[in-house]
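Q: Please take a close look at one helix in this structure. How is it placed, and what surrounds it?

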Amino acid sequence: MKKMSDSEREDAEIDAAVAATPNEENAKLKKKKKKKVAAIDAEKRGVCYLSRIPPHMDHVKLRHILSQFGDVQRIFLAPQDSNTRVLANNKRSRGSRDQAYSEGWVEFSNKSVAKRVANMLNGEQIGGKKRSSFYYDLWNIKYLSKFKWDDLTEELALKKATREQKLAVELSAAKRERDFYLSKVDQSRALSAIEERLKKKQKIQQDSEQVAKVIRHFPQTKPIAADTIKNKPEISDDILDAVFGGL
């Protein structure tokens, strides 16, 4: 009788437990078994890294080419900057723009296949149909030993978090710069308003001074001084009597 391995024995125990348990617990055990199978399957898989993605190459074309050498599970291509676009050369896509990719990862169902594909294709001409725009491009592919797809998702999540943090810092700096600029604008407007009020006040003062300086002169009769009246000689009583006859 063939001796079962630890993994097979554990699967048999789970199957027996599934058969002898209610529906709710049955579902939990099935889920546990599914996770275990997925983990074992993931251990068998291998990931290759492409340091360069030729122009006009996308997920569909890459899968079509690499599937000829082995079973391809998942593909991830990192897009370049959104402003980076490559104008298509062929007539079918004339006037359209293709998304450009900077790098990519390909997961094969078997790590030995992934390693063999990387060793076989690296540095070789991509080839395919001669009219293809990447016919003369070379493969830049490397097998990543002990690298799992989960490592890629964690790395991408880290890059995304770093990018978002950097963007938040840049936005915060831009906001501070904007607030500083607006405060300076408000301060400049306030100073301009003060200068305008001072200029108006100075103009009003100058106008009032000019009005005060305008003095009109009119000719007037010179008044008789009191001393003149006092110094005038008086006529004596004797002279008056002589003139009027002692009346």
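A: First, a term: contact means heavy atoms within 4.5 Å. Helices (H or I, at least four residues) and strands (E, at least two) are DSSP runs, numbered from the N terminus. The model is predicted, so local features need pLDDT of at least 70, side-chain atom pairs count only at pLDDT 80 or more, and totals for chains, interfaces and linings use all residues. Residues are numbered from 1 along each chain as its sequence is written, and side-chain values use heavy atoms, with hydrogens and water left out.

Now the helix, α3. What covers its buried residues includes β1, β2, β5 and α4. Buried means under 20% relative accessible area, exposed over 50%, and partly exposed in between (1.4 Å probe, protein chains only). Leu-62, Ile-65 and Leu-66 are the buried residues of α3. Seen down the helix axis, they fall within an arc of 90 degrees, so they line one face of α3. That arc is taken from the directions from the helix axis to the C-beta atoms. An α-helix has 3.6 residues a turn, so residues three or four places apart point the same way. On the other side of α3, Val-60 and His-64 are exposed.

Look at the start of α3 next. There, a side-chain oxygen of Asp-58 reaches to within 3.3 Å of the backbone nitrogen of Val-60. A polar contact is a pair of N or O atoms within 3.5 Å; within protein, one must be able to donate a hydrogen and the other to accept it, and residues adjacent in sequence count only if both atoms are side-chain atoms.
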